Amino acid sequence: MKTEEILKTRKDEIIQKTLELMPQALSGDKGNRTFYFEIDENGDLKIDYLYYLGLRQLSDNCFYTIKDHETPDSEEYGYDDFEEMDFAACGYDDQIEFAIEEKILLLEQQ
């Protein structure tokens, strides 16, 4: 299955799994975090992220990036830390969906 087909057909699952991973991804030092997906041999979807500083060439399965200067402050949202933060309630589900839609358009244009 092509990358854009996976993004289209499994978008809701990708969003949910990304939201679940965000507390772990955003903990620690500030840096860029790019989320990507993989499909294993059983067809199961796995979401993971890359942590890096500076620029990096990203593969087609990368769909959402939080840049170091865009890293949220949990206290600004009324939470003590990322572990208790409700990322969907804070609008990150919409941001991820928008990033996926942009990625689909980009891939379709190639």
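Welcome to a quick tour that starts with helix H2, residues 11-26: at 1.5 Å a residue, its 16 residues should span 22 Å, and the end C-alpha atoms lie 21 Å apart, which agrees. Please keep in mind that this is a predicted model.

**Helix H2**
- H2 bends by about 35° at Glu-20, with a proline, Pro-23, following within four residues.
- Buried residues of this helix are Lys-11, Ile-14, Ile-15, Thr-18, Leu-19, Leu-21, Met-22, Pro-23, Ala-25 and Leu-26.
- After H2 comes Gly-28, which has a positive phi near 95°.

**The largest nonpolar core**
- This core has 28 residues, of which Met-22, Phe-35 and Phe-63 touch the most other members.
- At least two core residues come from each of H1, H2, S1, S2, S3 and H3.
- H2 gives the largest share, seven residues.

**Thr-71 in its loop**
- Thr-71 sits in the loop between S3 and H3.
- Its relative accessible area is 11%, and because the cut-off for buried is under 20%, Thr-71 counts as buried.
- The Thr-71 side chain reaches the backbone oxygen of Asp-68 at 3.0 Å.
- Setting aside residues up to four places away in sequence, Thr-71 touches Leu-26, Lys-30, Gly-31, Arg-33 and Ile-66.

Terms used:
Residues numbered from 1 in each chain as written. Predicted model: local features only at pLDDT ≥ 70, side-chain atom pairs only at ≥ 80, totals over all residues. Heavy atoms only, no water. Expected span 1.5 Å × (residues − 1). Bend = angle between axes of the 7 residues up to and from the residue. Buried < 20%, exposed > 50% of the residue type's maximum accessible area, 1.4 Å probe, protein only. Polar contact = N/O pair within 3.5 Å; in protein donor to acceptor, adjacent residues only side chain to side chain. Contact = heavy atoms within 4.5 Å. Core = buried A, V, L, I, M, F, W, Y, C linked by side-chain atoms within 4.5 Å.
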